[in-house]
Amino acid sequence: MITPKHRDIVDPDAAETITQGMLPMLGRLPEVIDLFSGAGGFSLGFQAAGCNIRAAVDLDPVAGQTFRQNFTTLQPRHPPQVFAGPEHDLEHLGIEEIAGKRPPEIVIGGPPCQAFSRLGRGKLDSLNEAGFVGDPRNQLFRKFLEAIECWHPQAVVMENVPGMLSVGGVNYAEEVVWELAELGYRVGYAVLNSVWYGVPQYRERLFFIGVRKDLKKAPLAPSITHGPHVIEGYRQPYREKMPTLNFGGIWELNEGQLAVSIVSRPQPVVTVSQALGDLAVLTDHLAGVPFPRGDFRQPHGYRGEPHSAYANLMRGWPGLSASAPPADHVARRTPRDYETFRRMKHGDRYPEAVKIARQRFDEEVGRLRLRGLAPLPGSESWNDLEARFVPPYDKDEFLDKWRKLFPDLPSWTIPAHLAKDSYSHIHPDSDQARMISVREAARLQSFPDAFPFHGNMGDCFRQIGNAVPPLLAWAIAAALLESLGYPARHALVAV
């Protein structure tokens with residue numbers, strides 16, 4: 001599995017003692033700098049596990065506002081310094097300026113992943129001749145490595161998409177592993193699914209975990225606490241090159257991979273209904289109430305007491321307990337589609353939605369014919385009537401553009417594309433006949449209710465979809481802090 005020449009990459013037999021002088025400082029929390037921080041999902045998990053977030057850097061100024069507000073609440077005595085906006089990204093900031101006089105103990109971050117995703121690569125190849133190779137985002141992870149080389153923290157955690165494992169025949173994950181090893185780290189990677197850690201969402205991401213060699217500690221992936229299983233149809237193309245999970249307890253390791261163990265009695269996965277069931281029922285759109293003008297944030301009372309441990313955690317996250325119902329529980333208005341949403345079965349996708357919409361159109365034509373008012377097929381009036389029922393996208397090219405959630409299963413991945421439309425996540429309650437709200441998307445990502453997002457609705461959805469789920473981040477942080485000898489702050493596993 002791991003040959004002697006690879007001991008600097010993954011070393012399960014590393015000594016358990018820490019080099020003299022490297023013990024955690026008593027009374028001081030390990031400090032974290034978050035690069036490519038977004039709204040702060042990664043940092044939120046690390047902060048809850050027992051870290052102090054010292055600084056965050058991101059290109060998006062709106063995400064920076066979200067980060068600053070929430071972490072000022074969480075760390076009022078030592079709020080993090082937030083560098084956000086085009087003038088404050090890693091291309092313009094000096095590495096020393098971010099850290100100040102003392103290097104951090106831990107550096108985390110998720111360099112933008114769109115260029116490594118299969119969809120991103122296809123779009124880039126279609127837009128320009130340079131395609132994937134010419135996209136500067138592919139080199140952003142090198143800025144992350146430059147910061148590691150400068151600060152030389154005790155530990156490093158980097159997140160990206162599994163597509164990084166194979167890009168044009170190149171395994172960029174192996175490149176990152178070897179470069180971190182050259183910088184003085186024992187490092188490995190693992191593809192982790194957020195559903196394994198109590199997040200009500202199937203979301204697979206690639207994580208690199210490295211520990212400085214002089215600490216004589218091996219990097220560890222967090223043990224699976226929920227499931228594990230993956231629903232039919234969720235399998236991803238890259239999985240053909242990935243090992244299968246051995247229910248005896250660990251992965252069959254490839255070069256550079258971390259073992260992922262399973263607790264002896266894993267909890268059931270958290271479902272959509274467990275995650276969302278206590279939020280208010282939204283039906284005002286069905287009565288024709290327009291989308292709120294100006295700020296869409298209007299409080300909606302809870303449906304009742306939380307009926308799951310997960311909902312209870314979302315209302316009572318340490319340091320962010322909800323003192324009032326969420327004010328961003330609002331969904332987009334799409335009157336054409338409400339009845340289609342209502343008729344769709346759980347799991348139905350775009351082809352089924354189009355079939356239902358065309359059935360509705362045929363029903364309307366039949367009603368008009370009985371009254372002698374039906375337009376002529378192919379006329380402008382016919383086309384206008386059809387557009388009132390049938391969405392315009394090619395059903396063969398947009399299989400997952402529409403999809404209705406299962407109430408008794410976790411959600412599929414919450415993407416940043418929700419910033420443009422939310423059809424990929426249609427609420428499972430047919431009586432509500434709508435897409436998910438901003439707060440529901442946040443719940444499915446494990447953001448607590450008292451974590452507000454800045455910007456317009458699209459900004460909010462984008463920040464949520466781009467984030468590392470806080471509960472998954474907590475699991476990674478808790479395992480890392482334990483291995484480094486730091487005390488844990490909170491146990492957040494939702495059961």
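How many of the nine residues of helix H1 are buried?

**View 1. Helix H1 within the predicted model.** In this model, which is predicted rather than determined by experiment, nine of the nine residues of H1 are buried, so the helix is largely enclosed by the rest of the structure. The buried residues are Gly41, Phe42, Ser43, Leu44, Gly45, Phe46, Gln47, Ala48 and Ala49. Just after H1 comes Gly50, which takes a positive phi of about 135°.

View 2. The strands follow the order E3-E2-E1-E4-E5-E7-E6, and their pairing is mixed. Strand E3 (81-84) and strand E6 (185-193) stand at the edges, where each has a single partner strand, so one side of each is left without a neighbour in the sheet. Between neighbouring strands of this sheet the turn is 15° on average, with direction ignored.

**View 3. The packing of helix H1 against helix H2.** The axes of H1 and H2 (residues 61-74) are 11 Å apart and meet at an angle of about 5°, and the two helices are therefore roughly parallel to each other. On the H1 side the contact is made by Ser43, Leu44 and Gln47, which meet Phe67, Phe71 and Leu74 in H2. Sorted by class, this contact of H1 with H2 has four nonpolar and two polar residues, and no charged residues.

**View 4. The largest nonpolar core and the surroundings of Trp317.** This core has 79 residues, and those with the most contacts inside it are Phe46, Ile106, Val157, Leu192, Trp317 and Leu480. Helix H14 (residues 470-484) gives the most to this core, contributing 11 residues. When neighbours within four places in sequence are left aside, Trp317 is in contact with Leu44 and Ala48, as well as with Ser446, Pro448, Pro470, Leu471 and Leu492; Leu44 and Ala48 are among the buried residues of H1.

Technical notes:
Residues are numbered from 1 along each chain as its sequence is written. This is a predicted model: local features need pLDDT of at least 70, side-chain atom pairs count only at pLDDT 80 or more; totals for chains, interfaces and linings use all residues. Side-chain values use heavy atoms; hydrogens and water are left out. Two strands pair if DSSP finds at least two bridges between them. Helices (H or I, at least four residues) and strands (E, at least two) are DSSP runs, numbered from the N terminus. Axes are lines fitted to C-alpha atoms, for helices over the stretch in contact, and angles run from 0 to 180 degrees between N-to-C directions. A nonpolar core is a set of buried Ala, Val, Leu, Ile, Met, Phe, Trp, Tyr and Cys residues joined through side-chain atoms within 4.5 Å. Buried means under 20% relative accessible area, exposed over 50%, partly exposed in between (1.4 Å probe, protein chains only). Contact means heavy atoms within 4.5 Å. Angles under 35 degrees count as roughly parallel, over 145 as roughly antiparallel, 65 to 115 as roughly perpendicular and the rest as oblique. Ala, Val, Leu, Ile, Met, Phe, Trp, Tyr, Cys and Pro count as nonpolar, Asp, Glu, Lys and Arg as charged, and the others, Gly among them, as polar.
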